[in-house]
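Me: I am new to this structure. Please walk me through its aromatic rings and the reasons behind the terms.

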Number of protein chains: 2
Amino acid sequence: VTRRAVAIHGLGLIGGSLGLALRKSQDAPRVLGFDVDEPTARAALSRGAVDALLETSDDVDLVVTAVPPRVATELVPRLLASMPPKAVLTDLSSVMLPVLLAAKGSSRFVGSHPLAGSERSGIDAARADLFRGARVILGAPVEPVAGMWRSVGATPITMAPTIHDALVALTSHVPQVASTALVRTLRRTGSMTALLADGAGPGLRDLSRLAGSPPDLWFDVLTLNADKITPALELLEREVRALRHAIERRDPELRALLEEGRSFRREIFP
Amino acid sequence: VTRRAVAIHGLGLIGGSLGLALRKSQDAPRVLGFDVDEPTARAALSRGAVDALLETSDDVDLVVTAVPPRVATELVPRLLASMPPKAVLTDLSSVMLPVLLAAKGSSRFVGSHPLAGSERSGIDAARADLFRGARVILGAPVEPVAGMWRSVGATPITMAPTIHDALVALTSHVPQVASTALVRTLRRTGSMTALLADGAGPGLRDLSRLAGSPPDLWFDVLTLNADKITPALELLEREVRALRHAIERRDPELRALLEEGRSFRREIFP
């Protein structure tokens with residue numbers, strides 16, 4: 001029996017962490033990696049995130065793309081055309097439908113989006129335990145891919161790509177925009193950052209964390225999933241306005257608005 | 001030398017934590033406590049947050065009010081009129097100016113707002129280390145009060161009450177409203193909470209945490225500091241709208257909006 005081989009394209013936070021985790025897993029496959037940025041590829045090799053850099057002659061069973069979503073829409077069709085016929089390809093973008101469309105619905109392709117991350121990025125931020133305990137949403141139940149995620153301690157769940165994209169618009173993309181909008185509001189008030197830091201409790205740190213995420217990645221995600229995100233952002237504007245009006249008028253109804261928010265939060269995170 | 005005595009009015013999360021911390025501090029004062037809610041008072045006594053419940057005949061050096069801000073505006077003038085002449089009173093509300101006005105600017109009064117907390121509340125959530133490493137904003141440099149905070153591991157800093165209120169509007173009150181607005185947005189979309197929980201990464205958990213805070217407390221805070229909060233909320237609405245429009249149009253400018261947010265976040269939290 002020959003040892004399975006996985007090729008990872010893109011060795012940043014996500015691809016690098018997957019490599020580190022796979023190499024430490026039971027029955028670890030051979031992990032081959034590629035990154036367009038040579039220093040990143042060398043750093044991945046020296047950190048032990050890959051066994052070796054990928055050669056065009058390498059035979060692999062599983063191909064993983066961990067690149068910005070806009071790059072994925074270009075890279076995925078090319079890899080599907082060139083990879084070994086037995087191989088399966090999974091793309092780790094946090095937007096599924098545009099990549100699935102680029103893959104022309106190939107049965108050898110499935111999106112898998114790990115609900116794990118960090119506002120840090122790049123190979124230096126990669127960690128072997130990034131996916132431990134995390135859920136991974138799969139666009140279809142493809143066993144070699146589900147098995148790969150289980151082997152690094154994650155829990156795969158299956159969801160139609162269009163539902164996935166609508167769901168992460170609410171749970172991830174709208175929070176991302178809300179965090180950026182909040183930080184931009186502080187910036188607009190012209191407040192000195194030293195003073196803001198003096199007045200900052202743990203709440204502001206938590207709420208502004210996502211605003212520290214990489215802008216290039218988020219430009220792709222937000223624009224690729226724009227149709228699902230913008231209606232929810234319109235609702236967010238209305239909710240801020242309703243709360244502002246209730247505060248302005250010292251309206252007793254404000255108590256109910258806050259209470260409904262608290263109850264719903266407890267339903268999501270019991 | 002007789003041992004100093006501190007009276008704490010209100011034995012919830014904040015008052016209870018202060019009692020626990022003071023009793024464990026070096027040269028611990030005698031800690032006397034009062035709460036209008038009898039089960040809370042008994043729980044504080046049995047948890048060791050106070051040495052004894054406060055009696056009207058007790059002689060004290062320092063009086064602390066750790067009650068909802070609206071209650072503070074009524075309680076503080078009454079206590080100033082009845083407490084021993086040597087005693088100093090500090091109120092721990094997160095809004096300073098309305099309580100200072102209620103105290104009629106008495107030189108025996110100072111607001112002190114610890115930048116520490118939890119979305120949990122009540123005596124059961126109290127912890128001896130709640131203030132360790134936290135900053136406490138004092139409305140004026142009053143030594144017995146500053147000394148009390150240092151004795152529980154906090155760092156007192158002095159700031160004019162009106163600047164404090166403007167600052168916490170930005171760093172605490174607007175984030176609170178943003179968090180509630182975000183959770184209410186999810187609620188408005190009619191999404192099933194089980195599905196939302198499936199799709200929730202660490203980002204949503206962080207951003208929605210403040211929405212879990214006690215509504216009654218926040219009704220007081222937001223309405224007492226309304227004048228400072230509502231202009232910033234108007235800016236927040238505009239920032240959400242600007243981001244939404246940039247996403248809708250796939251505007252390359254969106255990258256700059258995200259990047260400015262990221263840079264400013266790094267200035268506040270290097």
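Predicted model: local features only at pLDDT ≥ 70, side-chain atom pairs only at ≥ 80, totals over all residues.

Me: How many aromatic pairs does the structure hold over all chains?
Reply: Two. Rings of Phe, Tyr and Trp (its six-membered ring) pair if their centres lie within 6.5 Å; planes under 30 degrees apart are stacked, over 60 edge-to-face, the rest tilted. Phe131(A) and Trp149(A) form one, at 5.2 Å and 75 degrees, edge-to-face.

Me: Why is the pair of Phe131(B) and Trp149(B) called edge-to-face?
Reply: The ring centres are 5.2 Å apart and the planes stand at 75 degrees, so the pair is edge-to-face.

Me: What makes Phe131(B) count as buried or exposed?
Reply: Buried means under 20% relative accessible area, exposed over 50%, partly exposed in between (1.4 Å probe, protein chains only). Phe131(B) has 0%, so Phe131(B) is buried. Trp149(B) also has 0%, so Trp149(B) is buried.

Me: Where does the charged end of Arg255(A) sit?
Reply: Over the ring of Phe219(B), 4.0 Å from its centre. The term requires NZ of Lys or CZ of Arg within 6 Å of the ring centre and within 35 degrees of the ring normal. Arg255(B) sits with its charged end over the ring of Phe219(A), 4.1 Å from the centre.

Terms used:
Residues numbered from 1 in each chain as written. Chains lettered and ligands numbered in written order. Heavy atoms only, no water.
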